[in-house]
Amino acid sequence: MKIAETVTFGGSGLDRAAEMRGQADQLRENAAARAIILWRGKPMVAADELVRLPLDHTVMADATDDLIFLGKDADSPIFAADLSGWEPPDLDLTHLDTFLDPSEQQHPAMPAGSVFAELRAMMTRLTPRDAELAAAAKAVMGWHVSHRFCARCGVESVMAMAGWQRDCPDCGGKHFPRTDPVVIMLITHGNAVLLGRSPGWPEGMYSLLAGFVEPGETMEAAVRREVFEEVGVSVGAVSYLASQPWPFPASLMFGCAGEALDTALTLDPVEIEDAIWVSREEVAQAFAGQHPRILPARKGAIAHFLLENWLADRLD
């Protein structure tokens with residue numbers, strides 16, 4: 001797919017400078033170094049841009065000592081700093097840890113308009129570079145939170161290689177950030193595409209089917225298995241289209257196209273609340289907000305990207 005990397009979180013060309021991760025202390029001394037700030041997974045933004053702060057900024061006093069080196073942005077080192085230990089005054093816990101947290105938090109050392117905001121809610125408004133930085137920072141920070149202890153011996157491990165590794169001080173084990181491969185499938189039959197919805201989704205919201213790739217399985221096999229398991233449809237030819245990092249919490253979405261060999265649906269009620277075949281004209285109607293039953297997939301997600309380009313006949 002020629003425009004594959006125009007998907008959200010892709011295509012910015014960030015130089016991650018992996019060869020410099022062992023030089024984090026020297027990079028931090030660079031006067032041009034900057035940090036993006038996250039609080040409980042929410043990046044700090046202002047006017048739809050990531051806030052970049054010098055490493056000696058007042059806010060950094062509330063950050064953890066360990067910074068994650070994300071790479072070079074305009075030839076300057078850029079880090080991610082975690083402020084999750086900071087407690088906002090009058091914190092409203094109502095929306096925290098929900099699917100889409102609409103609340104915003106402001107640090108007292110920052111001017112009005114510089115707030116921590118949910119990445120899902122504003123990812124399409126960021127530049128490709130800001131989106132990639134925010135996705136990488138959120139995913140790696142989330143991995144550190146969930147993988148504090150050595151999987152070999154259980155001792156608490158320590159951050160190494162500028163945040164891209166954890167080392168066990170007891171058994172010497174080395175651990176690296178986890179990414180979970182997921183296939184998401186544009187399954188078509190003639191002029192129709194297969195859409196489904198999971199239990200608990202907003203009323204009317206439909207998307208492409210998706211599922212995790214299992215150990216020892218190819219992407220093509222995962223597409224066929226997941227579609228048959230979820231809706232009982234057999235899939236023939238499968239092709240790769242595009243990928244998208246999805247840091248909610250740690251997935252890499254592989255967008256694939258598949259040709260359905262039949263159309264009869266037998267749903268797995270645990271995984272799928274409903275599935276339907278939808279014509280190209282109906283998908284266009286849904287994208288225009290005019291369909292009486294169907295809401296389009298969330299903008300910014302690869303499902304929306306694939307459906308949009310299927311409508312425009314740009315999957316080559």
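The model is predicted, so local features need pLDDT of at least 70 and side-chain atom pairs count only at pLDDT 80 or more, while totals for chains, interfaces and linings use all residues. Residues are numbered from 1 along each chain as its sequence is written, and side-chain values use heavy atoms, with hydrogens and water left out.

## Spaces in the protein

Rolling a probe the size of a water molecule over the atoms shows where empty space is left. Here the search runs on a 1 Å grid over the protein atoms alone: a cavity is a set of points where a 1.4 Å probe fits but cannot get out, a pocket is an open set with protein on both sides within 12 Å along at least five of seven lines, and lining residues have an atom within 4 Å of a point. Grid points are joined across faces, edges and corners, and a volume is the space filled by probe spheres set on the points.

The largest pocket holds about 800 Å³ of space. Its lining has 35 residues, and Ser 198, Trp 201, Ala 210, Trp 246 and Met 253 are the closest to the centre of the pocket. Helices (H or I, at least four residues) and strands (E, at least two) are DSSP runs, numbered from the N terminus. Several of them supply at least two lining residues each, including β11 (180-189), α4 (219-231) and α6 (302-311). The largest share, four residues, comes from β13.

For residue classes, Ala, Val, Leu, Ile, Met, Phe, Trp, Tyr, Cys and Pro count as nonpolar, Asp, Glu, Lys and Arg as charged, and the others, Gly among them, as polar. The pocket lining divides into 20 nonpolar, six polar and nine charged residues.

There is also one cavity of 30 Å³ or more, and the largest cavity has about 40 Å³ of space. Among the residues that line this cavity are Leu 195, Tyr 206, Phe 287 and Leu 307. Helix α5 (residues 280-287) gives the most to the cavity lining, with three residues. By class, the cavity lining has 10 nonpolar, no polar and no charged residues.

## Charged pairs

A salt bridge is a side-chain nitrogen of Lys or Arg within 4 Å of a carboxyl oxygen of Asp or Glu.

| Salt bridge | Closest N and O atoms |
|---|---|
| Lys 2 with Asp 316 | 4.0 Å |
| Arg 225 with Glu 214 | 3.6 Å |
| Arg 225 with Glu 217 | 2.7 Å |

Lys 2 lies in the segment before α1 (24-28) and Asp 316 in the segment after α6, so this pair ties together parts that are 314 residues apart in sequence. Buried means under 20% relative accessible area, exposed over 50%, and partly exposed in between (1.4 Å probe, protein chains only). Lys 2 and Asp 316 are both exposed.

Arg 225 is buried, at 16% relative accessible area, whereas Glu 214 is partly exposed, at 41%. Salt bridges that share partners join Glu 214, Glu 217, Arg 225, Glu 226 and Glu 229 into one network.

## Cysteines

A disulfide is a pair of cysteine sulfur atoms within 2.5 Å, and the count here comes to zero disulfides. For Cys 150, the nearest cysteine sulfur is that of Cys 171, 3.6 Å away. Cys 150 is buried, with a relative accessible area of 4%. The sulfur of Cys 153 is 3.5 Å from the closest cysteine sulfur, in Cys 168, which is too far for a bond. Cys 153 counts as partly exposed, at 35% relative accessibility.
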